[in-house]
2 protein chains.
Amino acid sequence: MTSSTEQLPDDHIRATYEDIHVQIAQTAKLIKRQFDPDVMVAISGGGLIPARILRTFLKKPSAHDPNKKRNVPIQAIGLALYEEVAGSSVENMGREVVRTQWLDEGTFGKRSSREDRGEDGDKEEGLLGKRILIVDEVDDSRTTLQYAYQELVKDVKAGLEALEPEARAKLPPTRFAIFVVHNKVKDSGKRGTLPLIPSQSSSSTLEDQPVDSTSGGGAVAEGVWYYPAGETGDVWVDYPWETEDIAEHNRLANLAKKLGVNQVGAGVASR
Amino acid sequence: MTSSTEQLPDDHIRATYEDIHVQIAQTAKLIKRQFDPDVMVAISGGGLIPARILRTFLKKPSAHDPNKKRNVPIQAIGLALYEEVAGSSVENMGREVVRTQWLDEGTFGKRSSREDRGEDGDKEEGLLGKRILIVDEVDDSRTTLQYAYQELVKDVKAGLEALEPEARAKLPPTRFAIFVVHNKVKDSGKRGTLPLIPSQSSSSTLEDQPVDSTSGGGAVAEGVWYYPAGETGDVWVDYPWETEDIAEHNRLANLAKKLGVNQVGAGVASR
């Protein structure tokens, strides 16, 4: 199929499903050791596939049978950059984030309409006092991630404040981390900002993360852990789930590997 | 790697990501022609990956620029069979469905807390008067699918009844369809039941679907269209996103193909 003179049509990075599965598996080891999330929040649509693959590598022991493993629950939120709407100013295109789905109030500790959820279900799915891993596909402008992080922190804080002081004091700090398949490194910087926890060395532990203790327990820990499985330059990344012709996509991905071009840089797991 | 004497370790069906991508692409052609969904409801966790892949093949023309295409929105719901909870009777294990995430009220036409959603966003994401495609991984006992379908119909009907009569009368019928990657055919039948629309021949059209017109518009059409991308016997299906070793998974999947065993039967698109 591929001759030695064959060239790629562009400078896009093309990842196969298998490439991404392996990269997620590698990064999941670090995430499990360092952060060990209780719940994932997948940003739809891009975060859906990475979150489902991650779940395979982040299982926890079952509370009812230590010989079994249970899945880390996935909650989905829908976010889109506001581009398609008539009347939206050109200035705001690609800046404004629109919610297409959000979490229900029970997730933030308030009783809601989910009467049919068991006591245990509530404990497993809620966000208060949990280690929460936000999952997305690509960290490009960082606008969507900034929005997701800020809004989740806001809702978690409101949920904590609504608790009885005794219930709140019993909760461990709520912690946030972000996983993305690819972080696009931009020389000009990113539009969105996040209080990333700087050190990703393997000696970093949750105990080092600053927590505001003046509130007397039940606080949100400062900053957000950051786990990109790979890093790219400011180029297009073609994901396998976006292609209409997966055979051709894989052919070009394998050609790029053979030529040693358009490859993804190491993410945090390999540092 | 594989010698001609090599055997498979079991009778599991193993699909590669590429197998599933191609099967989804084929079935999406039929879905697009016959049902053309306005919105997907993905059942988490299994439905997340199939829904995201489907989205690639179900795009619609942009309302603002006919030369562009826009994505069909994905809403996620979380459903699990009730197994892990202490005090749950043995009798109910695997029968009872637990909601871990549901859609917010705005999706069913009621105003909710999503003030920051634009007018257009609402129109695109809501379920009333829409063609709704429910997406899951495997139709095994059918318990989860029955629950999802019945609960969505109930909430849509309640949302329609809450509308002003004039607003309701303007709405086309709300229609439901189900996509699964695999339908497990069970000789003993399925525990869950669904009012499947029997004919999947390519001449079937939405106009043939019965609609209760006594309500004067804004009704839910009867029955649910059913699109399994493939059919299997009552055996385990190993999905690529569940495997910890994707290379070994693919090796066994390719060996099964070579030996011509443990293969998936044709789904609706090939009939």
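Buried means under 20% relative accessible area, exposed means over 50%, and partly exposed lies in between (1.4 Å probe, protein chains only). The notes below use these words throughout.

1. **Ground rules.** This is a predicted model, where local features need pLDDT of at least 70, side-chain atom pairs count only at pLDDT 80 or more, and totals for chains, interfaces and linings use all residues. Residues are numbered from 1 along each chain as its sequence is written, chains are lettered from A and ligands numbered from 1 in the order in which they are written, and side-chain values use heavy atoms, with hydrogens and water left out.

2. **Chain A overall.** Chain A has 271 residues, and 57% of them count as buried. Its secondary structure comprises six helices and eleven strands. Helices (H or I, at least four residues) and strands (E, at least two) are DSSP runs, numbered from the N terminus. A contact means heavy atoms within 4.5 Å. Among chain A contacts between residues at least 6 apart in sequence, 78% join residues at least 24 apart.

3. **The core.** A nonpolar core is a set of buried Ala, Val, Leu, Ile, Met, Phe, Trp, Tyr and Cys residues joined through side-chain atoms within 4.5 Å. The largest one holds 74 residues. Which members touch the most others? They are Leu54(A), Phe179(A), Leu54(B) and Phe179(B). Leaving out residues up to four places away in sequence, Phe179(A) touches a list of residues including Ile24(A), Ile31(A), Leu54(A), Val135(A) and Tyr227(A). In soluble globular proteins, nonpolar side chains tend to be buried together.

4. **Aromatic pairs.** Seven aromatic pairs turn up over all chains. Rings of Phe, Tyr and Trp (its six-membered ring) pair if their centres lie within 6.5 Å; planes under 30 degrees apart count as stacked, over 60 as edge-to-face and the rest as tilted. Tyr149(A) and Phe176(A) make an edge-to-face pair, at 5.6 Å centre to centre and 90° between the planes. Tyr149(A) lies in helix α4 (residues 143-161) of chain A and Phe176(A) in strand β8 (residues 174-184) of chain A, so this pair ties together parts 27 residues apart in sequence. Tyr149(A) is buried at 9% relative accessibility, and Phe176(A) is buried at 0%. Tyr239(A) and Trp241(A) have ring centres 5.2 Å apart and planes at 10°, so they are stacked. Ring pairs link Tyr17(A), Tyr239(A), Trp241(A), Tyr17(B), Tyr239(B) and Trp241(B) into a cluster.

5. **Charges over rings.** A charge sits over a ring if NZ of Lys or CZ of Arg is within 6 Å of the ring centre and within 35 degrees of the ring normal. Arg99(B) places its charged end over the ring of Trp102(B), 3.9 Å from the centre.

6. Two strands pair if DSSP finds at least two bridges between them. Seven strands form an open sheet with mixed pairing, in the order β6-β5-β2-β7-β8-β9-β11. β6 (97-101) and β11 (265-266) of chain B are at the edges with a single partner strand each, so one side of each has no neighbour in the sheet. β7 (residues 131-139) and β8 (residues 174-184) of chain B run parallel, joined by eight bridges. Val138(B) has His182(B) as its bridge partner. β8(B) and β9 (residues 220-232) of chain B are also parallel, with nine bridges. There, Phe179(B) stands opposite Tyr227(B).

7. **Covered elements.** Is helix α2 (residues 48-57) of chain B buried or exposed? Ten of its ten residues are buried, so the rest of the structure largely encloses α2. In β8(B), eleven of eleven residues are buried.

8. **Backbone points to check.** The peptide bond between Ser44(A) and Gly45(A) is cis, with omega about -5°. Gly45(A) is in the loop between β2 (39-44) and α2 (48-57) of chain A. Ser44(B) to Gly45(B) is also cis, with omega near -5°. Asn262(A) has a positive phi, near 55°, though it is not glycine. Asn262(A) lies in the loop between α6 (246-259) and β11 (265-266) of chain A, and is partly exposed at 22% relative accessibility. Phi of Asn262(B) is likewise near 55°.
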